[in-house]
Amino acid sequence: MCVRKIANGTKCQLRSEMLKIYYHNKDIQQIRQYEYENFIMLYEAYKALKGNSFIDKIYEEVSSWQVNT
């Protein structure tokens, strides 16, 4: 039971951080390379914890943005 609560809390934090990156860059639809790399790592961890499909749409949109080095 405790492990599930920790996993749910971790998923919440991962989702929150991904949304923070998303909304920070949404208007210009561009993302810095380090932000993009962080976003990918956050997404992979979120999905490994069985995160829901809501974030998949965000991931697809972010993946279509220009990545600035």
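**Helix packing and core of a predicted model**

From the N terminus on, the elements of the protein run α-β-α-α-β, where helices (H or I, at least four residues) and strands (E, at least two) are DSSP runs numbered from the N terminus. This is a predicted model, in which local features need pLDDT of at least 70, side-chain atom pairs count only at pLDDT 80 or more, and totals for chains, interfaces and linings use all residues. Residues are numbered from 1 along each chain as its sequence is written, and side-chain values use heavy atoms, with hydrogens and water left out.

Student: What span does helix H2 reach from its first C-alpha to its last?

Tutor: Helix H2 covers residues 33–48, which gives 16 residues.

Student: Against which elements do the buried residues of H2 pack?

Tutor: Buried means under 20% relative accessible area, exposed over 50%, and partly exposed in between (1.4 Å probe, protein chains only). In H2 the buried residues are Glu-35, Phe-39, Ile-40, Leu-42, Tyr-43 and Tyr-46. Taking contact as heavy atoms within 4.5 Å, these residues pack against helix H1 (2–25), strand E1 (30–32) and helix H3 (54–63).

Student: Is Asn-25 buried or exposed, and what is its relative accessible area?

Tutor: Asn-25 has its place in helix H1. Leaving aside residues up to four places away in sequence, Asn-25 touches Gln-30, Ile-31, Glu-35 and Trp-65. Asn-25 counts as buried because its relative accessible area is 3%.

Student: What is the relative accessible area of Ser-63?

Tutor: Ser-63 lies in helix H3. Its C-alpha atom is separated by 9.9 Å from that of Gln-29, 34 residues apart along the chain. Ser-63 is classed as partly exposed because its relative accessible area is 31%.

Student: Which residues does Ile-55 touch, not counting residues up to four places away in sequence?

Tutor: Ile-55 is among the members of the largest nonpolar core that touch the most others. Beyond four places in sequence, the residues touched by Ile-55 are Arg-15, Met-18, Leu-19, Tyr-43 and Tyr-46.

How values were computed
Expected span 1.5 Å × (residues − 1). Core = buried A, V, L, I, M, F, W, Y, C linked by side-chain atoms within 4.5 Å.
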